[in-house]
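Please keep the sequence and the 3D view open while reading.

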Amino acid sequence: MIARLRGKVLEALPGRLVVDVNGIGYMLTVSLSTYDTINPVEGKEVDLRTHLHVREQAHTLYGFASAAEKDLFLLLIERVTGIGPSIGMAVLSGMPVDHFKNCVVNGDAAALSQIKGLGKKTAERIILELKDKVGVAEAWQAASGAAVPSAAIDAESALIGLGYKQAEARKAIAAVVKLKPSAPTEDLLRDALRMLNS
C-alpha cells in the first residue's frame, strides 16, 4: 500500500497531479481543496498522504493535503453504503472537512445535497450511516468544542464556491466574525468579500 508520496510536480491540472518520486511519475487524483491547498506548480515539491484504490479494471491513487481529508475520504468509501471514491472526492471538493462534519452532526441534509453529485437521498444516507457508527458524530461534536457559528461556516463555503482558497476565505470570515459575532451569513459574506477585494 502506498501511504504517502513526496516528490516534485511534473504535471498539474485541477483534480489530477503527476508527481516525480525518484524518477517514477505517479498520477494522483486529488480534490479541488487539496489542489488549492498545495498550489502545485511544475517543479515544486509536494508531500501528500495517499490511498491506493484497487478495482478489477483500475488501480487509482488518491492524494490528500491533510490527514483529516484522507480520514474523511476513507470513512465515506468504507463505511457508507453506495459511496465510492468519485463521490468521496466530490465531497472533499465541495465542502471543507469541518463544515461536512458539522452538517453530519446537525443532520443538515440540505447543505450536504448542495455538493455536486450528491442528491438528497445520498446526503440523508451519509448522515444516517455516519451517525450510526459508534462515536463518530460524538467525537466530531466534542472536537468542535466552542463551535464556529453555522453562519460563518456557510459564508466560508460560499466564498470557496466563488473560487477563493479555503485559507483566505477562513481568514476573512474569522476577521468579520470578530467584529460581528452574531451576524447572519449574508452579512458575513458581504463584508468578507469587501475585505478580500479591497
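V30 has G63 as its bridge partner in strand β5. Contact here means heavy atoms within 4.5 Å. Axes are lines fitted to C-alpha atoms, for helices over the stretch in contact, and angles run from 0 to 180 degrees between N-to-C directions. Helices (H or I, at least four residues) and strands (E, at least two) are DSSP runs, numbered from the N terminus.

The model is predicted, and local features need pLDDT of at least 70, side-chain atom pairs count only at pLDDT 80 or more, while totals for chains, interfaces and linings use all residues. Residues are numbered from 1 along each chain as its sequence is written, and side-chain values use heavy atoms, with hydrogens and water left out.

Strand β5 has pairing partners in β3 and β4. Strand β3 (residues 24–30) pairs with β5 in the parallel sense over three bridges, and L28 stands opposite L61 in β5. Strand β4 (residues 45–54) runs antiparallel to β5, the two being joined by six bridges; V54 has H59 in β5 as its bridge partner. The link from β4 to β5 is a hairpin of four residues. Two strands count as paired if DSSP finds at least two bridges between them. Five of the six residues of β5 (residues 59–64) are buried, so this strand is largely enclosed by the rest of the structure. Buried means under 20% relative accessible area, exposed over 50%, and partly exposed in between (1.4 Å probe, protein chains only).

How do α2 and α3 sit relative to each other? The axes of α2 (residues 67–79) and α3 (residues 85–94) come within 9 Å and cross at roughly 140 degrees. The two helices are therefore oblique to each other; angles under 35 degrees count as roughly parallel, over 145 as roughly antiparallel, 65 to 115 as roughly perpendicular and the rest as oblique. In this pair, E69, L72, F73, L76 and I77 of α2 meet P85, G88, M89, V91 and L92 of α3.

Helix α4 (residues 97–106) is mostly covered, with seven of its 10 residues buried. The buried residues in α4 are V97, H99, F100, N102, C103, V104 and V105. G107 follows α4 and has a positive phi, near 65 degrees.

In strand β1 (residues 4–13) lies L13, which is partly exposed, with a relative accessible area of 44%. Between the C-alpha atoms of L13 and V41 the separation is 9.5 Å, although the two residues are 28 residues apart along the chain.

Taken over the whole chain, the secondary structure comes to 10 helices and five strands. Of the 198 residues, 41% are buried. Among contacts between residues at least 6 apart in sequence, 51% join residues at least 24 apart. The chain exposes about 10,800 Å², of which carbon and sulfur atoms supply 53%; these areas come from the Shrake-Rupley method with a 1.4 Å probe, and for residues only the protein chains shown count as cover.
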